[in-house]
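Work through these exercises on charged side-chain contacts. Try each task before reading its solution.

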Amino acid sequence: MPAPSSLSIKTSSVLRLTKEEKSYHKELASAKKSLESMLAEEGEADEYAIKQQRKVVEETKAMIPTVRKNLEDAVSSLETELESSGSEPEDAKEKARNAIKDARELLSEEI
């Protein structure tokens, strides 16, 4: 079995980072919802638990720009690789183009 090509490695990287950013957005929404429900429980919510949940929200928010920057770099690298990939199979090129398209759509969304 031949080693994976540079194009397929970079495509996999973009796909992984796209999935990772989506995951952080879902985690942030879930953590915010949990915090809101804790705050709505007036008096029943443990102050320590609320403090911890706020920390989870802030840490998740802090990770999104880092992942986004890594994704932007990976997309740029994949685009460069795709331009110079003359001998790659067409299906590998198509997979790379789809990965770039999906990543660009995600990157165009507001944080």
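**Exercise 1.** Is Lys61 buried, partly exposed or exposed?

Solution. This is a predicted model. Start with the cut-offs: buried is under 20% relative accessible area, and exposed is over 50%. Lys61 has 36% relative accessibility. Lys61 is therefore partly exposed.

**Exercise 2.** Which side chain meets Lys61 in a salt bridge, and where do the two residues sit?

Solution. Take the contact. Lys61 pairs with Glu58 at 3.8 Å, N to O. The cut-off is 4 Å, so the pair counts as a salt bridge. Next, place the residues. Both lie in helix α2 (residues 47-83), three residues apart. That spacing is about one helical turn. Last, check Glu58: its relative accessible area is 48%, so Glu58 is partly exposed.

**Exercise 3.** Which parts of the chain does the salt bridge between Arg104 and Glu79 link?

Solution. First, the distance: the Arg104 and Glu79 side chains meet at 3.1 Å, N to O. Arg104 belongs to helix α3 (residues 90-108), and Glu79 to helix α2. Now the accessibility. Arg104 is partly exposed at 39%. Glu79 is partly exposed at 26%.

**Exercise 4.** How many residues apart are Lys101 and Glu105 in helix α3?

Solution. They are four residues apart, about one helical turn. Their side chains form a salt bridge of 3.7 Å, N to O. Lys101 is partly exposed at 46%, and Glu105 is partly exposed at 43%. Elsewhere, shared partners join Glu90, Glu94 and Arg97 into one salt-bridge network.

**Exercise 5.** How many salt bridges does the structure hold?

Solution. The total is 10. Lys61 with Glu58 is one of them.

Conventions: Residues are numbered from 1 along each chain as its sequence is written. This is a predicted model: local features need pLDDT of at least 70, side-chain atom pairs count only at pLDDT 80 or more; totals for chains, interfaces and linings use all residues. Side-chain values use heavy atoms; hydrogens and water are left out. Buried means under 20% relative accessible area, exposed over 50%, partly exposed in between (1.4 Å probe, protein chains only).
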